[in-house]
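Colleague: Please give me a close look at one part of this model. I would like to follow the strands and the charged side chains there.

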Amino acid sequence: MRKLFFLSCVLLGVINLNAQKVTLKAGTIVPLRATQQVKAADVEEGQTVDFAVMQDVNVDGKCVIPQGTLVKGLVSEARKSTIAGTKGRLVITIDRMNLSDGEPIFFSNTAVRINGQNRTPLAVGLGIFVWPCIFIPGTKAVMPAGYEVQAIIAANKDIEL
């Protein structure tokens, strides 16, 4: 019984020695790319949008975040363009991602902000002379598929490999 206990302690010690720990530093840039087109008129606040990591993020020569890892963004504002030239607005906040083991990594102040073009002066100016021109809308807010954004790690994170 003692030999079995001793052997299991030794095996656990060897397993722990093989586990490597690296520190992902605050300020590390994680390049992301939107996986689909998002239109402000088609989404609602609170809806999630997928981004993918564009390239491996390495620390001390070891891959900590592999290319293709999905990151969820949250639509925090979605306003479609309306009559009288009001522009569309789209804001997607990217505040964290989860590693393969479920551990979260938080980002600092990472958001995608896309605004359409405001056409209010045109719509109102022409609307004074030609009434139907008041119905000219502003341009839509659209984030195209492949849109690139850089997320920045908020705090140091120890990761076991």
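Modeller: Start with pairing: two strands pair if DSSP finds at least two bridges between them. Strands are DSSP runs of E, at least two residues long, and helices are runs of H or I, at least four residues long, numbered from the N terminus. This is a predicted model, where local features need pLDDT of at least 70, side-chain atom pairs count only at pLDDT 80 or more, and totals for chains, interfaces and linings use all residues. Numbering starts from 1 along each chain as its sequence is written, and side-chain values use heavy atoms, without hydrogens or water.

Now the sheet. Six strands form an open sheet with antiparallel pairing, in the order S11-S8-S7-S4-S2-S13. Neighbouring strands are turned by 35° against each other on average, direction ignored. The axes behind such angles are lines fitted to C-alpha atoms, for helices over the stretch in contact; angles run from 0 to 180 degrees between N-to-C directions.

Inside the sheet, S7 and S8 (residues 89–93) pair in the antiparallel sense over 5 bridges. Look at alanine 78: its bridge partner in S8 is leucine 90.

Next, the charges. A salt bridge puts a side-chain nitrogen of Lys or Arg within 4 Å of a carboxyl oxygen of Asp or Glu. The whole structure holds 5 of them. One joins lysine 72 to aspartate 50, at 2.7 Å from N to O. Lysine 72 lies in S7 (residues 70–79) and aspartate 50 in S4 (residues 48–53), so this pair ties together parts 22 residues apart in sequence. Lysine 72 is partly exposed, at 44% relative accessible area. The scale is simple: buried is under 20%, exposed is over 50%, and partly exposed is in between, with a 1.4 Å probe and protein chains only.

Glutamate 77 forms another salt bridge, with arginine 79, and their closest N and O atoms are 3.5 Å apart. Glutamate 77 counts as buried, at 19%, whereas arginine 79 is partly exposed, at 42%. Salt bridges link Glu77, Arg79 and Arg89 in a network.

Glutamate 44 sits in the loop between S3 (38–39) and S4. Its relative accessibility of 61% makes it exposed. Along the chain, glutamate 44 and arginine 79 are 35 residues apart, yet 8.7 Å separates their C-alpha atoms.

Finally, turn to lysine 157, in strand S14 (residues 157–160). It makes a salt bridge with glutamate 103, with closest N and O atoms 2.8 Å apart. The two are 54 residues apart, and glutamate 103 is in the loop between S9 (96–98) and S10 (104–106). Glutamate 103 is partly exposed, at 37%. The side chain of lysine 157 also reaches the backbone oxygen of proline 104, at 3.4 Å. Beyond its neighbours within four places in sequence, lysine 157 is in contact (heavy atoms within 4.5 Å) with Val22, Thr23, Leu24, Glu103, Pro104 and Ile105.

Of its 161 residues, 30% are buried. Among contacts with a separation of 6 or more, 64% join residues 24 or more positions apart.

How values were computed. Polar contact = N/O pair within 3.5 Å; in protein donor to acceptor, adjacent residues only side chain to side chain.
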